[in-house]
Amino acid sequence: MGGKQQDKDDEAYGKPVKYDPSFRGPIKNRSCTDVICCILFLLFILGYIVVGIVAWLYGDPRQVLYPRNSTGAYCGMGENKDKPYLLYFNIFSCILSTNIISVAENGLPCPTPQVCVSSCPEAPWTVEKNQFSQTVGEVFYTKNRNFCLPGVPWNMMVITSLQQELCPSFLLPSAPALGRCFPWTNVTLPALPGITNDTTIAQGISGLIDSLNARDISVKIFEDFAQSWYWILVALGVALVLSLLFILLLRLVAGPLVLVLILGVLGVLAYGIYYCWEEYRVLRDKGASISQLGFTTNLSAYRSVQETWLAALIVLAVLEAILLLVLIFLRQRIRIAIALLKEASKAVGQMMSTMFYPLVTFVLLLICIAYWAMTALYLATSGQPQYVLWASNISSPGCEKVPINTSCDPMAQPVNSSCPGLMCVFQGYSSKGLVQRSLFNLQIYGVLGLFWTLNWVLALGQCVLAGAFASFYWAFHKPQDIPTFPLISAFIRTLRYHTGSLAFGALILTLVQIARVILEYIDHKLRGVQNPVARCIMCCFKCCLWCLEKFIKFLNRNAYIMIAIYGKNFCVSAKNAFTLLMRNIVRVVVLDKVTDLLLFFGKLLVVGGVGVLSFFFFSGRIQGLGRDFKSPHLNYYWLPIMTSILGAYVIASGFFSVFGMCVDTLFLCFLEDLERNDGSLDRPYYMSKSLLKILGKKNEAPPDNKKRKK
């Protein structure tokens, strides 16, 4: 009965791989796979390029990068090249109803004249009554107050310029933020007509300045990076060396290290059990109970309830028991996992070029992100500028018959003495035209292109590394039988034959990720009106999509390994990989958890070590290293520390991702080796001697067997 049941289980997850006398590792004679998907991917990329060209032809990113004056001219460009800042005559008319997004996209539109200036005002100033009869030249130009609109005559009366809003009636000490002059909050406002110095205005200015005025901080940050950039590079070099040493030393210390980590987890759980028991015992003696507390949303209140610590005690005890049982009954599989980790370290040592392949992936990812960002920016700024007639007070005498908000020509400013302050001002960019009507669809196309290309680049890296490491495993005599350039060969082979298969797997993952993004957007928009049932349903959907994404990533990763070895299409490779793993599910779980634990410890070691060294060095706590090794004087010493920690994490993640791919590849090869071969003279195992020893198997073939040489 047991044998029949085992046969049924084997049939459910596919039949074991049969022996193939011609198999010598990654197949060289292969054909293109998933050709239809390859063609679709290439056509999509061609369309993505067309979208970028259209965006470049119709877009105008200057409207985001540079501020505009009332006529729509850009400050800091063209005739305003020496005037990079924008001054608002009466900033109080618009400052309270703005935010950072509107500033960047809409240029902070407000009903007041705006002029480009070379520098922001440094001192408060107000036009006095006795200056009304003087000329603009006497009050503004000769006093170096070049804040009037362009073209205001020298001999115009000040009262006339103020009535027509050609010159500002007051100036406030300002600082540039996003290319615009914003007043400081610690300045006492002068008596201004129609403006009250209340706390609302002060708070509005303060909030905007705190959010936008980063000039001084940015200068200090630049100075800190200029003073410490070479030490940051040294810290990143230390992270690189530590990551490399950790991987290379695994062949010597993998077993003891895994044992120490497991004992450490057991010790932490044991301490948690002890702590929960002490807390429970104290609260039990005091008589605190959940029945006395009742239900409350204050989660901290449950810390004083004895049932909370009892539940934690039970959970930790169960986890401790499970881990102990795993160590007892799965110790043989843990030994196999450790041996595979050592073998992966040996493979990386034989092919050191694989450790630096993440640089290629990083560059390709950077290109994809930069192209999407520029395309999205150009698309968002497409359209022709629109100008309309505007007056500060349309109810003033003489403005009744003026067609306010009608189109006008900014190059021919309206002259209408009967309506004071009448101007042709910039309103925005038109939404008419084929590109503008299709703007949303083009942006969606760009987002799809971003996700698809990013996932394809990651898939390319996984498949290339899998091909290189598989050539190591299936080399019967190591390192003699390893190809001369395994990484380059795998890269060319993958691009030539399997672009379509990688695009197929990347597309499946992209659709799930976009579904998650849409769901997150819907949840964000409806969060305020959802009832508890709707929130619960939304949370379940999000959880299901998250699990689906993780499963697809796992399936794709193993499918790419099979593609790299056998050169079959994506669906067949995914099926073969899945059935092979399901036939060895216990080994899969043990290896996955042991590898995750080990790589987590490695990241912690690298990032923690670099962080501690950076902290002690940049904070000046390391003394006596000499003048050449003296820490620089910094405004914010935490800035290079955080940069070093982030860079160390990126470097460690890149190195360990290669190592993780090596472990997964060798594991699949190991499982197939067990099914293909039996250790006989004609079918010897390809695995290392340590794995053979753990499994209690041996090869009958002599070490110098020429039959297995490629």
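## C120 and C181

The S-S bond of C120 and C181 has a torsion of about -80°, so this disulfide is left-handed. Keep in mind that we're looking at a predicted model here. The two sulfur atoms sit 2.0 Å apart, and the cut-off for calling a disulfide is within 2.5 Å.

The pair links distant parts of the chain, 61 residues apart. C120 is in the loop between strand 2 and strand 3 (125-126), while C181 belongs to strand 6 (residues 180-183). How buried are the two ends? C120 has a relative accessible area of 9% and counts as buried; C181 is buried too, at 2%.

## C75 and C116

Next up is the disulfide that joins C75 to C116, with an S to S distance of 1.9 Å. Its handedness is left, given -80° about the S-S bond. What does the link tie together? C75 lies in the loop between helix 3 (62-65) and strand 1 (85-88), and C116 lies in strand 2 (residues 114-117), so the bond connects parts that are 41 residues apart in sequence.

Neither end is out in the open: C75 is buried with a relative accessible area of 1%, and C116 is buried at 4% relative accessibility.

## C148 and C167

C148 and C167 are also joined by a disulfide, S to S 2.0 Å. This link is right-handed, with 115° about the S-S bond. C148 sits in the loop between helix 5 (136-141) and helix 6 (158-163), and C167 in the loop between helix 6 and strand 4 (170-171), so the pair ties together parts that are 19 residues apart in sequence. Both C148 and C167 are buried.

That brings the disulfide count to three.

C662 is another case. Its sulfur is 9.5 Å from the closest cysteine sulfur, the one in C669, and that is too far for a bond as well. Is C662 buried or exposed? With a relative accessible area of 0%, C662 is buried.

Technical notes
Residues are numbered from 1 along each chain as its sequence is written. This is a predicted model: local features need pLDDT of at least 70, side-chain atom pairs count only at pLDDT 80 or more; totals for chains, interfaces and linings use all residues. Side-chain values use heavy atoms; hydrogens and water are left out. Helices (H or I, at least four residues) and strands (E, at least two) are DSSP runs, numbered from the N terminus. Buried means under 20% relative accessible area, exposed over 50%, partly exposed in between (1.4 Å probe, protein chains only).
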